[in-house]
Amino acid sequence: MEKIWFYQTKIGEIGIGEENGAIVRVTFGRDMGGLPADFEMVETPLVKLTAVEIGEYLEGKRKTFDVPLEMKGTAFQKKVWQALLEIPYGKTAAYGQIAAAAGSPRGGRAVGRANHDNPIAILVPCHRVVGANGKLTGYAGGLEIKQALLELEQKHMEQE
């Protein structure tokens, strides 16, 4: 059964969900769309650790995450989400680049849908995917949050 807890962060409220010893959800606000019928509002040690790691990330003190993830989706979605994990901190990739990395070079729109359906925001960095022209496109947390995350990463890359 998934265990979920909510936290206030610099970018607003986030929900973190754990199931079977892995993080399965990081969402913005309480509009958790697609919640399982059977879940508990519980702050587990892993959920709490994930909140600490996200807090460190938002402070510019963390560039990678150490918590275990379980990505639930179709085979294609999992390929896309795995490709997202390969985008370095502070960098971006175009939808077409992610489509090629996922084995579907003409699947830019499908990548966009998979990004939209990514249940583990921030940790699986769909915010790092931009249009072919470098412009920001849709983000489940809203373009303001996407821009804030990208600016945060750029700021901390420049400080190195």
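Colleague: Let me start with two residues: are tyrosine 57 and tyrosine 89 buried or exposed?

Modeller: Before that, a word on what you're looking at. This is a predicted model, where local features need pLDDT of at least 70 and side-chain atom pairs count only at pLDDT 80 or more, while totals for chains, interfaces and linings use all residues. Residues are numbered from 1 along each chain as its sequence is written, and side-chain values use heavy atoms, with hydrogens and water left out. As for burial, the cut-offs are under 20% relative accessible area for buried, over 50% for exposed, and partly exposed in between, with a 1.4 Å probe and protein chains only. Tyrosine 57 and tyrosine 89 are both buried.

Colleague: And how do I read two aromatic rings that sit together?

Modeller: A pair of aromatic rings is described by the distance of the centres and the angle of the planes. Rings of Phe, Tyr and Trp (its six-membered ring) pair if their centres lie within 6.5 Å; planes under 30 degrees apart are stacked, over 60 edge-to-face, and the rest tilted. That rule gives 3 aromatic pairs here. Tyrosine 57 and tyrosine 89 form an edge-to-face one, with 6.2 Å from centre to centre and 90° between the planes.

Colleague: Which parts of the chain does that pair tie together?

Modeller: Tyrosine 57 belongs to helix α1 and tyrosine 89 to the loop between α2 and β5, so the pair ties together parts that are 32 residues apart in sequence. Those labels come from DSSP runs, numbered from the N terminus: helices are H or I with at least four residues, strands are E with at least two. Ring pairs also link Tyr57, Phe65 and Tyr89 into a cluster.

Colleague: Now helices. How do I describe two that pack?

Modeller: Two packed helices are described by the angle between their axes and the distance between the axes. The axes are lines fitted to C-alpha atoms, for helices over the stretch in contact, and the angles run from 0 to 180 degrees between N-to-C directions. Take α2 and α4: their angle is about 80° and their axes are 9 Å apart. That makes α2 roughly perpendicular to α4, a label for angles of 65 to 115 degrees (under 35 is roughly parallel, over 145 roughly antiparallel, the rest oblique).

Colleague: Which residues make the contact of α2 with α4?

Modeller: From α2 you have Phe76, Gln77, Val80, Trp81 and Leu84, and from α4 Ala110, Val111, Ala114 and Asn115. Contact here means heavy atoms within 4.5 Å. The residues divide into 7 nonpolar, 2 polar and no charged. In that scheme Ala, Val, Leu, Ile, Met, Phe, Trp, Tyr, Cys and Pro are nonpolar, Asp, Glu, Lys and Arg are charged, and the others, Gly among them, are polar.

Colleague: How many residues does the largest nonpolar core have?

Modeller: A nonpolar core is a set of buried Ala, Val, Leu, Ile, Met, Phe, Trp, Tyr and Cys residues joined through side-chain atoms within 4.5 Å. The largest one has 40 residues, and Ile16, Ile54, Leu84, Ile98 and Ile122 have the most contacts inside it. Among the elements that each supply at least two residues are β2 (12–19), β3 (22–28), α1 (45–58) and α5 (143–158). The most comes from α1, with 6 residues.

Colleague: Can we zoom in on a couple of those?

Modeller: Leaving aside neighbours within four places in sequence, isoleucine 98 contacts Val80, Ala83, Leu84, Ile87, Ala93, Val111 and Val129. Isoleucine 122 sits in the loop between α4 and β6 (129–130), and is buried at 2% relative accessible area. Its phi is near 70°, a positive value in a residue other than glycine.

Colleague: Where is asparagine 20, another residue with a positive phi?

Modeller: Asparagine 20 is in the loop between β2 and β3, and its phi is about 50° although it is not a glycine. Asparagine 20 is exposed, at 69% relative accessible area.

Colleague: One last stop: is lysine 146 buried or exposed?

Modeller: Lysine 146 is buried, with a relative accessible area of 0%, and its place is in helix α5. Beyond its neighbours within four places in sequence, lysine 146 contacts Tyr95, Cys126, His127, Val129, Leu136, Thr137, Gly138 and Tyr139.
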